[in-house]
Amino acid sequence: MPPPWLQASSEKSLTDVHVAVARLRTLLTWSLGTGMTGTALFGLAFLVTGISVGASEHKSGFVLGGVLALASLVLFVTIHDVWETSSMILVILDLNEVCTREEVLQHLKDYSEKRVAKVLPGDADFDDVLVRTHQRLVEVLVSQLSRALLWGPLCLTVIAIVSCIATGAAGGSIPATLYVLSMFAAVLACIVTLIGVVMHYGRFMPVIREKLLTSVGDLEEDVPPTALDMQLQMLRRQVGATPEGQATARELMRQVSLSHKRGKMSQALEKAWFAGLAMKELEECMVASLKTAMATFDLAILSSAIRECEALGLREDLLSEAKAANDKISAQLARLENGMRSMDIL
């Protein structure tokens, strides 16, 4: 079974990611779009009501209306920021083999500037940036959704309940209209919080767990890679495809193919794969390594080379010559051993 990075271009392994992105994008548009619209409308309503009560009945109306409107504004800004950041994450998760290296790097730069307010230099190690960024995308996405769907509405609920308690404790010193306003705000905030909990745990998280974090079932690994892992390998291959990287990878493969030491082939091929070299070149490197092992006429070295190339997914037809040589050497050694035994008996 080939290692995961050699199967990174498999369309089957990336399907779940694209399905999840489409579903999450729909959920974002519906939930956050509705949340922003509702927050803006109710914030404006709180402000207008507070000003109206403050001007006609009691100045405390200005305070209560202002507090509730400000809390709504903060929630509106939070939801907008979450929507913007989450949309950028989904764009990165939706990248595929059709995207060019320049497109991938541009999305990385945009996300870096938005997320950490850092402009990536032109000579940055983009492979390292891609790995560090991609590995935290789901964590950041869940954190952002929690801000908009859980903590933001919860903070608004706390403020509304405190306002309700304060206006209730004031008794007859303030108009009953303000108590009704604060009570309405508290009930509304509780409903919004409940909806946020349902959306977060009942809609968003199942998609993230079942699609983005699901293991690729056809890979027999101790820790099977997830669909996101497979997408990362595919993106690393696109980002690493530079002339300098390819030249270095070819030289490393040449050295490994001429060496009798085993265990380095996987690292060399992985570097070559991420440098964008064709699978044919990787296969040629493995075949050259087998020929080097065959030239030693050492059964242990040849057997080890065959096992290593098999583990890396070399086709059976390319292994046939080495296996035939292995069988021939084994037979010759067996005849030699039998001959030596016969001589000992004599």
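In this predicted model, F297 is found in the loop that links α10 (279-295) to α11 (299-311). The residue has a positive phi of about 55 degrees, although F297 is not a glycine. Most residues other than glycine have a negative phi. The relative accessibility of F297 is 62%, and the residue therefore counts as exposed, the cut-off being over 50%.

Helix α10, on one side of that loop, also holds S289. In contrast to F297, which is exposed, S289 is buried, with a relative accessible area of 0%. When neighbours within four places in sequence are left aside, the contacts of S289 are with S257, R262 and M265.

A further loop residue is P225, which lies between α6 and α7 (227-239). Its relative accessibility is 8%, so P225 counts as buried under the 20% limit. P225 and L213 are twelve residues apart along the chain, and their C-alpha atoms are separated by 9.0 Å.

H18 has a relative accessibility of 19% and counts as buried, because the class takes in values under 20%. Along the chain, 77 residues separate H18 from L95, yet the distance between the two C-alpha atoms is 8.6 Å. Apart from neighbours within four places in sequence, H18 is in contact with L93, D94, L95 and N96. One of these partners, L93, also belongs to the contact of α2 with α6.

The packing of these two helices was examined next. Helix α2 spans residues 60-93 and helix α6 spans residues 176-212; their axes are 12 Å apart and form an angle of about 10 degrees. Angles under 35 degrees count as roughly parallel, which means that α2 is roughly parallel to α6. On the α2 side, the residues that meet α6 are S60, G61, L64, L68 and L93. The residues of α6 that meet them are L178, L181, S182, A185 and L212. Sorted by class, this contact has seven nonpolar residues and three polar ones, with no charged residues.

At the level of the whole chain, the protein has twelve helices and zero strands. The protein has 346 residues, of which 43% are buried. Among contacts with a separation of 6 or more, 74% are between residues 24 or more positions apart. The protein exposes about 17,900 Å², and carbon and sulfur atoms supply 62% of this area.

The confidence of the prediction was considered last. The mean pLDDT of the protein is 84, and 90% of its residues reach 70 or more. Among the elements, α2 has the highest mean pLDDT, at 93. The lowest mean, 80, is that of helix α12, which covers residues 316-345. Where pLDDT is low, the predicted coordinates should not be read in detail.

Notes: Residues are numbered from 1 along each chain as its sequence is written. This is a predicted model: local features need pLDDT of at least 70, side-chain atom pairs count only at pLDDT 80 or more; totals for chains, interfaces and linings use all residues. Side-chain values use heavy atoms; hydrogens and water are left out. Axes are lines fitted to C-alpha atoms, for helices over the stretch in contact, and angles run from 0 to 180 degrees between N-to-C directions. Helices (H or I, at least four residues) and strands (E, at least two) are DSSP runs, numbered from the N terminus. Angles under 35 degrees count as roughly parallel, over 145 as roughly antiparallel, 65 to 115 as roughly perpendicular and the rest as oblique. Contact means heavy atoms within 4.5 Å. Ala, Val, Leu, Ile, Met, Phe, Trp, Tyr, Cys and Pro count as nonpolar, Asp, Glu, Lys and Arg as charged, and the others, Gly among them, as polar. Buried means under 20% relative accessible area, exposed over 50%, partly exposed in between (1.4 Å probe, protein chains only). Accessible areas come from the Shrake-Rupley method with a 1.4 Å probe; for residues, only the protein chains shown count as cover. pLDDT is the predictor's confidence in each residue, from 0 to 100.
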